[in-house]
Amino acid sequence: MNASCASCTRSGRPGAWEGAYPRSRPAPRSRSTASGVRGGPRPRPAPPHVTRSDMVSPPPGAAAAAAAAVAAAARAWLRVGPAPRPLMGSQGGLGPPGNGGPGEGESGETRKLQEGRAARGKRRKGKGKGKAGAGQGGRGSGAEGKTQPPQAKEAAGLGAEAGERAGLGKLGEGGGSVEEGARRIVRGDEGSAGARKEAKGRYDGKKEEWRVRTGQREDARPARAQGRGCQAWGRLAGTGAAMAAAAAEEEAGAREPAGRPAAGPALLRLPEELLLLICSYLDMQALGRLAQVCRWLRRFTNCDLLWRRIARASLNSGFTRLGTDLMASVPVKERVKVSQNWRLGRCREGILLKWKCSQMPWMQLEGDSLYISQANFILAYQFRPDGASLNRRPLGVFAGHDEDVCHFVLANSHIISAGGDGKIGIHKIHSTFTVKYSAHEQEVNCVDCKGGIIVSGSRDRTAKVWPLASGRLGQCLHTIQTEDRVWSIAISPLHSSFVTGTACCGHFSPLRIWDLNSGQLMTHLGGDFPPGAGVLDVMYESPSTLLSCGYDTYVRYWDLRASVRKCVMEWEEPHDSTLYCLQTDGNHLLATGSSYYGVVRLWDRRQRACLHAFPLTSTPLSSPVYCLRFTTRHLYAALSYNLHGLDFQTP
């Protein structure tokens, strides 16, 4: 010993013990004696000049015994469950919480750090019940200073008692032999396991009472329960099934829509069918206010049945006069919102296409595509998702006429076109198949196709009937002498007759109905047309009703069931302009295109006055509206130099 001290003094470097523990603070004392008996006399700390090599080594068999004890304790610990992470200031370097103090051979620096942490924990959490002692069997019941359920407090108390009975040391005590430390580990784990079982039994007995009294629900996530220092270890040990059930209940609640309010007026507790009947009498403003009461009523008022009656009375909502829904894929409430823009005339104008020379274009809509004639071509464009613009590159180009295309229709995946060269062209939309044949001696002004039958009208004062069958193309079925130039033509929805609109240059009505099978005249409409009141556009709305417009500046509505001599309703153009085209939604909305300044007018058929007018050109570029089409959200008008669009969805 003296030689070692002298060598250290001569070399001027501190001894090994001095490096581990500074002289200003002695090492913590051990509770066990050198012989391993508790309560014996405590040895004094070794002098600072004694090196580690001079200390007495443990007997050779102690290491094997300690390893076996540690393995057994680990196996018992794994059967119980993973131990929680020790709180700040806790000790125990050989096992989970509940074992003895720091293990044999632990460095002095580690002990110093643990003592500092324990002291800081005491100062910061002095009033808490969950001190960070190594003898606690559960997760600290009050170390975090938070409110806990009684089950957590009981589990923590039982764990602490079990730890004390197993001989666990207090804060700042440690040391002892390896065998004694191993025995402490085993006893502490057994005590902790017993305490956890007892806490689990008590918790299961009071679980329902705790749920009812506090209204709290078990945490469905074990990881969250482990992370909370204020929850008992016994909660995690035996409530896996309850937590899984709670998680499944939360998932089902998230998937299901919100139920009816538990408390509220008696109206909300009525059967749903009766509530639907009551709410069906509400107007649009009342339904909107009702949707602001709660989430359940908001979802309830989105039902299409409540808005169907309102939609049928609105403009351009996708319902025909007979109640047929033409746009079942779009919610009725959304269509009613857009219909208010049509009623109030709120829209955003834009130009979709332009061309350099003056033309007389015609167009048709099909799905998300627009077909428009330009000179002797028919171009197909695709709408962009907003519906207010077109892709600049056309999807297809259909040619075959030597003169301008005057009119065309879409039928059975075919385009049937009428040209100024007196020919009829048939084009397949999805292929390059094109057939044209000579139909009239002069330009073909109009054409229509339904049920595999084509009818055409020409300037040569004839109307002809043609089959669409591939083996009979170009074979004329009937030739009808109209004795006047034919400007418009339309086939009845029943495919039994068709109507022609002529220039009204003779002493007969410009509107006449012909039998489609025999070509014989069935009847003529009206008798008070002035000379020159030619009909430029005519369309069937139902098998017994049709609309017409033309040079006489009137839109007339005919009902064949009431009278063929007089129309049942008429609307006059305010500026005495020729009406080139018309379009209807099949219910209340009517749109017309005038001959001056590209004026598009909207009419409510329940009123005689014009609803709104949209001039699309200025004075230098005055042009008729040759053709117009609309959907529930947009209106498209073809003029001499461009194609205009009116967006009613986002005005």
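User: Which residues does K333 touch, not counting residues up to four places away in sequence?

Analyst: K333 touches N302 and W307 once residues up to four places away in sequence are set aside, where contact means heavy atoms within 4.5 Å. This is a predicted model, in which local features need pLDDT of at least 70 and side-chain atom pairs count only at pLDDT 80 or more, while totals for chains, interfaces and linings use all residues. Residues are numbered from 1 along each chain as its sequence is written, and side-chain values use heavy atoms, with hydrogens and water left out.

User: Why is K333 said to have no salt bridge?

Analyst: A salt bridge requires a side-chain nitrogen of Lys or Arg within 4 Å of a carboxyl oxygen of Asp or Glu, and the nearest side chain of opposite charge to K333, E334, is 6.3 Å away; Lys and Arg count as positive and Asp and Glu as negative, with His and the chain ends not counted. K333, which lies in helix α14, is therefore buried without a salt bridge.

User: What puts the buried residues of α13 on the same side of that helix?

Analyst: In α13 (residues 304-312), L306, W307, I310 and A311 are buried, and they lie on the same side because they cover an arc of only 125 degrees around the axis, the arc being that of the directions from the helix axis to the C-beta atoms. Helices here are DSSP runs (H or I, at least four residues) and strands likewise (E, at least two), numbered from the N terminus. Among the elements covering these buried residues are α10 (272-279) and α14 (332-344).

User: How do you know whether C504 and D576 are buried or exposed?

Analyst: Buried means under 20% relative accessible area, exposed over 50%, and partly exposed in between (1.4 Å probe, protein chains only). C504 has a relative accessible area of 3% and is therefore buried, whereas D576, at 52%, counts as exposed. C504 is placed in the loop between β15 (497-502) and β16 (511-515), and D576 in the loop between β21 (569-572) and β22 (579-584).
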